[in-house]
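Visitor: I'd like to learn how to read a protein model. Could you walk me through one?

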Amino acid sequence: MSTPIAFLKGHGAENDFVIVPDADNAIELSPAAVAALCDRRAGIGGDGLLHVVRSAAHPEARHLVDEAEWFMDYRNGDGSIAEMCGNGVRVFARYLQHAGLVGEGDLAVATRGGVKRVHIAKPTSSGGDGDITVGMGRAVLPEGEVTVSVADRHWPARNVNMGNPHAVAFVDDLAHAGHLYEPPPFSPQSAYPDGVNVEFVVDRGPRHVAMRVHERGAGETRACGTGACAVAVAAARRDGLDPAETGAPVTYTVDLPGGRLVITERPDGEIEMTGPAVIVAEGEIDPRWLASAAR
């Protein structure tokens with residue numbers, strides 16, 4: 001490709017993304033190209049990349065075209081493919097609104113983790129963007145004990161799958177998570193054959209927790225939407241608050257290094273995540289640079 005490639009930059013609770021609009025799926029984004037774009041020193045920089053494609057134009061999403069017009073082809077910052085990204089869905093929806101492709105209200109977004117239902121709120125009374133709520137689906141809680149470790153510390157972890165795998169460990173101090181540059185070791189290895197997102201959690205008050213996370217393929221990130229959902233589910237089960245048993249929804253406030261998310265689990269198991277999404281910049285990628293950087 002010899003013509004410039006349009007891009008935008010956005011974030012949800014400081015979980016940041018390079019956004020590449022490509023309705024017809026005409027741009028080839030190899031793992032190396034994605035990693036180059038997400039490089040914080042030599043590229044644009046981001047925890048991941050949101051490739052915006054019409055469902056009808058992408059082989060992985062054509063079967064969802066009757067449910068969702070747009071497909072979020074999400075990539076981790078290292079170029080690997082991921083099933084889902086909760087903060088990414090909110091930023092994806094904000095881009096569609098920013099581009100005039102959708103308005104306020106309800107929206108369906110196709111992902112590798114299924115079709116996600118999104119609601120874009122009206123602007124705030126001060127004129128700022130309203131929060132975005134994403135239906136994150138139901139959590140799966142696989143059986144079996146899991147342990148995560150940092151240096152000489154070890155903790156039991158709750159295995160929670162939100163379309164992608166999570167290990168949630170409750171700790172006394174978030175500093176115990178260490179630097180989180182590398183994936184924290186876990187056992188047994190059979191629990192997560194494709195790797196795992198690891199959350200370290202402390203209590204802040206009733207139904208209020210704070211967390212740090214190591215995301216597969218990205219390292220520590222400022223926020224993780226599916227991780228916040230996994231944390232809320234794990235905290236609710238720890239606290240004896242299973243909505244399927246109580247018949248009442250349960251809401252947790254989850255503080256992350258980059259901001260705050262509000263997670264609600266309903267009696268039918270559906271989980272909703274509400275939080276901010278911001279577009280901060282847009283521009284053009286030099287295709288010659290990208291071709292060279294992706295070698």
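Visitor: How do the residues of the lining of the largest cavity divide into nonpolar, polar and charged?

Guide: First, this is a predicted model, where local features need pLDDT of at least 70, side-chain atom pairs count only at pLDDT 80 or more, and totals for chains, interfaces and linings use all residues. Residues are numbered from 1 along each chain as its sequence is written, and side-chain values use heavy atoms, leaving out hydrogens and water. A cavity is a set of points on a 1 Å grid over the protein atoms alone where a 1.4 Å probe fits but cannot get out; lining residues have an atom within 4 Å of a point. Here the lining has five nonpolar, four polar and two charged residues. Glu215, Arg216 and Tyr74 are among them, and the volume is about 80 Å³.

Visitor: Which strand does β5 pair with?

Guide: Strands are DSSP runs of E, at least two residues, and two of them pair if DSSP finds at least two bridges between them. β5 (residues 105–111) pairs with β6 (residues 114–120), antiparallel, over seven bridges. Ala110 sits opposite Val115 of β6, and a hairpin of two residues joins the strands. β6 also pairs with β7 (residues 132–138) in the antiparallel sense, over three bridges, with Val118 partnering Val134.

Visitor: What does Val118 touch?

Guide: Contact means heavy atoms within 4.5 Å. Not counting residues up to four places away in sequence, Val118 touches Val89, Leu107 and Ile132, among others.

Note on methods. On a 1 Å grid over the protein atoms alone, a cavity is a set of points where a 1.4 Å probe fits but cannot get out, and a pocket is an open set with protein on both sides within 12 Å along at least five of seven lines; lining residues have an atom within 4 Å of a point. Grid points are joined across faces, edges and corners, and a volume is the space filled by probe spheres set on the points. Ala, Val, Leu, Ile, Met, Phe, Trp, Tyr, Cys and Pro count as nonpolar, Asp, Glu, Lys and Arg as charged, and the others, Gly among them, as polar. Helices (H or I, at least four residues) and strands (E, at least two) are DSSP runs, numbered from the N terminus.
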